[in-house]
Amino acid sequence: MSATHVTSAGAGARAVAPLALAVGVFGMTFGVLARDAGFGPVSAVVFSATTFAGSAQFAATSLVSAGGTLTAAIGTAVLLNVRYVPIGLSVAPSLHGPAWRRAHRPQLIVDESWAVGHLGGGRYDPGLILGAGLVLWGTWVVSTGIGALAGDVLGDPERLGLDAAFPALFLALLAGQIHDRRGFAAAALGAAIALVCVPFVPVGIPIVAASAACLIGLRR
Amino acid sequence: MSDAWIVVLAIGACTVVFKALGPVVIGGRQLPPRLAGVVALLAPTLLAALVVVSTFATSRTLVVDARAVGIAAAVVAIVLRAPLLVVIAVAAIAAALVRAL
């Protein structure tokens, strides 16, 4: 890693540090949920380490816990994570090196680290993504393990209002990313598409459908 | 293999492939200008969608609950140019207060 990478990795880590508390509490909650759903501690931790996407993990585990079929649990989580295909595409021009490196570097991408790493205009800083991603990934994996082993020591994260922390972070990051009328229009249209879709399509698809709003970028 | 491990490995493998797909195929090359114009709008678009879905959706139902109060408080903090930590804390505290009432 070059010196600039180290510097920007530090900046990325500091940017998401305020969120680590919320991620840690949700990670423990996930560990507890996974244990109650019959996942062993090892499979719960492997789940967090590989999938590293809270919404998909909560959805799949809740379905298993509620007696849903394996197909429903896997299908729901896969749909929730389809957004990582366009997200991966967006960072692709910023990732260099051999194919194996281009395959493992984007694994630290999660909504939050991706947004922190956006420099504007579709350019991404891999160092920022790395630093932010490492903090979030480490917190998520360790707290999952604590929850799966120690059980419910914290209580309900919703009682602490932590479920409002994530949309607040996304909104704050969004505010820093709108530089012109086109960006504003795409954001407003994307939000509208997602809201309209929620009652009619499976969970996860509204976010993917919202990406259609980006097509206004075809206009010159 | 237990059901839990099937779920973990299937979802984990799909997610790893989703994240790697674009970088492996495109990797380091510049996107064609028109596609780049579209991809540049992905961040604001998906973030806006994540904001509204994580605020107003519970599974497939639209609801206005304590999270909406939290995000309203966050809007005020953002307009006042508060640091990120304050924005997040204000949202969580507002939502927690509404639930405590």
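Select helix α9 (residues 165-175) of chain A together with helix α5 (residues 84-100) of chain B: the two pack at an angle of about 145 degrees, with axes 8 Å apart. Here the axes are lines fitted to C-alpha atoms, for helices over the stretch in contact, and angles run from 0 to 180 degrees between N-to-C directions. Helices (H or I, at least four residues) and strands (E, at least two) are DSSP runs, numbered from the N terminus. The crossing of α9(A) and α5(B) is right-handed, a term for a near helix turned clockwise from the far one by less than a right angle, left-handed being anticlockwise.

Next, display the side chains of this pair. A:Ala165, A:Ala168, A:Leu169 and A:Ala172 of α9(A) meet B:Leu84, B:Val87, B:Ile88, B:Ala91 and B:Ala92 of α5(B); contact requires C-beta atoms, placed from the backbone, within 7 Å. This contact of α9(A) with α5(B) comprises nine nonpolar residues, no polar and no charged ones. Ala, Val, Leu, Ile, Met, Phe, Trp, Tyr, Cys and Pro count as nonpolar, Asp, Glu, Lys and Arg as charged, and the others, Gly among them, as polar.

The model is predicted: local features need pLDDT of at least 70, side-chain atom pairs count only at pLDDT 80 or more, and totals for chains, interfaces and linings use all residues. Residues are numbered from 1 along each chain as its sequence is written, while chains are lettered from A and ligands numbered from 1 in the order in which they are written.

Colour chain B by pLDDT, the predictor's confidence in each residue, from 0 to 100. Its mean is 92, and 100% of the residues of chain B reach 70 or more. For the complex, the predictor gives an ipTM of 0.90 and a pTM of 0.84.

Now select domain 1 (3-153) and domain 2 (178-220) of chain A, whose bounds come from an automatic or database domain assignment. Their centres, taken over C-alpha atoms, are 23 Å apart. Each of the two domains gives eight residues to the contact.

Finally, show the chain interface, which takes 69 residues from chain B and 87 residues from chain A. On the chain B side, α1(B) supplies the largest share, 20 residues.
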